[in-house]
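Look at the sequence and the 3D structure below. Keep both in view as you read this report.

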Amino acid sequence: MQTDVIATSLPETSALHARIAPGDFIDCYRVRAEASPREAARIITSFPGWARLLLELRRVVTTPFGLINDAPETGDHVGIFPVESETATELIAGFNDRHLDFRVSVLCENGHVHLATWVHPHNLGGRIYLATILPFHILIARDALARVARMPLAA
């Protein structure tokens, strides 16, 4: 099975387009896979041990700066992220913090699953944070989509 993860532009059909403003970060990766947005999001947010370790390290480093380390406990979640919206083709999850707002989109169409991340930094701290975590974000996102392509999907 092909699990090639490709960096791509955000599909025009994504609701994330309505959020993008100058200075925002947006990236998108895709893989060939048949899945619903909810099922793909479940796989994506089932982090492997090495990624959970990075998230715990993030928790330790960012707590003194007052950043949110646990998603708000409201309503529906996929993994650690609260679901903001869901359609038949796209699930958007994430939340706002003091230093930045972020959302992830899982868009499933035409035999592909797209994983996009949008970040709106509020201040210098948000921009520094984004620059610091970006290499790890890329590793986690690419690994997540490779797992979507490899894993059998639940019924």
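## About the model

This is a predicted model: local features need pLDDT of at least 70, side-chain atom pairs count only at pLDDT 80 or more, and totals for chains, interfaces and linings use all residues. Residues are numbered from 1 along each chain as its sequence is written, and side-chain values use heavy atoms, with hydrogens and water left out.

## The whole chain

The chain has three helices and seven strands. Helices (H or I, at least four residues) and strands (E, at least two) are DSSP runs, numbered from the N terminus. Along the sequence, the order is β-β-α-α-β-β-β-β-β-α.

The chain has 155 residues, and 46% of them are buried. Buried means under 20% relative accessible area, exposed means over 50%, and partly exposed lies in between (1.4 Å probe, protein chains only). Now take the contacts in the chain with a separation of 6 or more: 62% of them join residues 24 or more positions apart. A contact means heavy atoms within 4.5 Å.

## Helix α1 and its cover

Is α1 mostly covered or mostly open? Six of its eight residues are buried, so α1 counts as mostly covered. The buried ones are Pro37, Glu39, Ala40, Ala41, Ile43 and Ile44. What lies over them? The cover includes the strands β3 (77-78), β5 (90-96), β6 (100-109) and β7 (112-121), and also α3.

## How α1 meets α3

Helix α1 spans residues 37-44, and helix α3 spans residues 124-150. Their axes come within 8 Å and cross at roughly 125°. That angle makes α1 oblique to α3. Axes are lines fitted to C-alpha atoms, for helices over the stretch in contact, and angles run from 0 to 180 degrees between N-to-C directions. Angles under 35 degrees count as roughly parallel, over 145 as roughly antiparallel, 65 to 115 as roughly perpendicular, and the rest as oblique.

The crossing of α1 past α3 is right-handed. A crossing is right-handed if the near helix is turned clockwise from the far one by less than a right angle, and left-handed if anticlockwise.

Which residues meet at this contact? From α1 come Ala40, Ile43 and Ile44; from α3 come Ala144, Leu145, Arg147 and Val148. These residues divide into six nonpolar, no polar and one charged. Ala, Val, Leu, Ile, Met, Phe, Trp, Tyr, Cys and Pro count as nonpolar, Asp, Glu, Lys and Arg as charged, and the others, Gly among them, as polar. An α-helix has 3.6 residues a turn, so residues three or four places apart point the same way.

## Two buried strand residues

Leucine 115 lies in strand β7. Its relative accessibility is 6%, so leucine 115 counts as buried. Leaving out residues up to four places away in sequence, leucine 115 touches Asp27, Cys28, Tyr29, Ile44, Ser105, Val106, Ala141, Ala144 and Leu145. Leucine 115 and valine 31 are 84 residues apart in sequence, yet 8.8 Å apart in space, C-alpha to C-alpha.

Valine 83 sits in strand β4 (residues 81-86). At 19% relative accessibility, valine 83 counts as buried. Its contacts, apart from neighbours within four places in sequence, are Arg38, Asp76, His77, Val78, Leu91, Ile92 and Ala93.

Two loop residues are exposed. Serine 9 is in the loop between β1 (6-7) and β2 (25-32), and its relative accessible area is 55%. Asparagine 110 is in the loop between β6 and β7, and counts as exposed at 69%. Asparagine 110 is not a glycine, but has a positive phi of about 55°.

How many disulfides does the structure hold? The number is zero. A disulfide is a pair of cysteine sulfur atoms within 2.5 Å. Cysteine 28 is buried at 4% relative accessibility, and cysteine 108 is buried at 8%.

Alanine 149 belongs to helix α3. Alanine 149 is buried, with a relative accessible area of 4%.
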